[in-house]
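My notes follow the order in which I checked them.

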Amino acid sequence: MSYDPPRPAGRLLLTPEDKEAPYRARRLRLLGLGEYPEPALDAFAERLAERTGAPYAMVNFLGEDRQFFAGLTIPAARPPSDGEEAKPELGRHMARDHGFCPHVVVRRKALVLEDVRDYPRFAGNPVVDEFGIRSYLGAPLIDSGGMVLGTVCAADVEPRTWGKSGLETIKSAAAELVARLERREADGLPVL
């Protein structure tokens with residue numbers, strides 16, 4: 001069963017097929033994740049934003065049809081200046097073909113995009129046009145059973161040189177969160 005049909009020619013972004021989506025959705029339901037905002041995950045995203053210096057940071061769980069930001073920090077909305085069109089505000093839900101996290105999940109490894117416009121595959125992504133995202137740093141949340149639950153990520157509206165330290169930061173944040181989730185699950189406590 002394919003959840004990501006091929007896109008029409010003329011659009012360069014191809015969201016990869018995610019064959020684990022049904023299994024991940026079931027696992028997330030068992031963990032009680034991916035449906036409701038979690039204050040602890042919002043705090044985690046806030047710390048990640050501080051660590052990376054990025055205005056956006058998210059803990060993202062991907063289901064079969066959508067992405068859900070259970071942890072989210074975004075910049076305060078500002079009114080558009082004269083002649084500028086207002087950008088939509090990022091909410092908790094996003095279509096599966098928006099953003100870069102679906103690529104991280106299928107690749108099963110971190111993704112660093114210093115300027116998304118340098119990559120034709122990613123430059124046409126709706127988050128570039130809708131939210132003005134120009135750089136991205138994300139890593140998968142892989143549990144001890146090998147299931148990718150989602151991602152932790154940071155994004156900016158300016159090109160960024162994330163460098164090796166950015167990559168190490170996002171990978172350690174992912175490992176930290178997975179350990180925390182598994183510890184809570186093993187203790188029989190609510191996940192967060």
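I started with Tyr119, which I list as partly exposed because its relative accessibility is 36%. My classes are: buried under 20% relative accessible area, exposed over 50%, partly exposed in between, with a 1.4 Å probe and protein chains only. The model is predicted, so I ask for pLDDT of at least 70 for local features and 80 or more for side-chain atom pairs, while totals for chains, interfaces and linings use all residues. Numbering runs from 1 along each chain as its sequence is written, and side-chain values use heavy atoms, without hydrogens and water.

**Aromatic pairs**

I searched the whole structure and got 3 aromatic pairs. Tyr119 and Phe122 make one that is edge-to-face, 6.4 Å centre to centre with 70° between the planes. I pair rings of Phe, Tyr and Trp (its six-membered ring) if their centres lie within 6.5 Å; planes under 30 degrees apart are stacked, over 60 edge-to-face, the rest tilted. Phe122 is buried because its relative accessibility is 9%. Ring pairs join Phe100, Tyr119, Phe122 and Tyr136 in a cluster.

**A charge over a ring**

Next I checked Arg160. Its charged end sits over the ring of Trp162, 4.2 Å from the centre. The test is NZ of Lys or CZ of Arg within 6 Å of the ring centre and within 35 degrees of the ring normal.

**Helix α1**

Which residues of helix α1 (residues 21-31) are buried? I noted Ala21, Pro22, Arg24, Ala25, Leu28 and Leu31. An α-helix has 3.6 residues a turn, so residues three or four places apart point the same way. The cover over the buried residues of α1 includes β1 (56-62), α3 (101-107), β6 (148-156) and α6 (163-186). Helices (H or I, at least four residues) and strands (E, at least two) are DSSP runs, numbered from the N terminus.

**Arg134**

I found Arg134 in the loop between α5 (126-131) and β5 (135-142). Is Arg134 buried or exposed? It counts as buried, because its relative accessibility is 14%. Leaving aside neighbours within four places in sequence, its contacts (heavy atoms within 4.5 Å) include Glu114, Asp115, Arg117, Asp156 and Glu158.

**Pro140**

Pro140 lies in strand β5. I count Pro140 as buried because its relative accessibility is 12%. Its C-alpha is 6.4 Å from that of Ala110, 30 residues apart in sequence. Not counting residues up to four places away, Pro140 touches several residues, among them Val104, Ala110, Val148 and Ala174.
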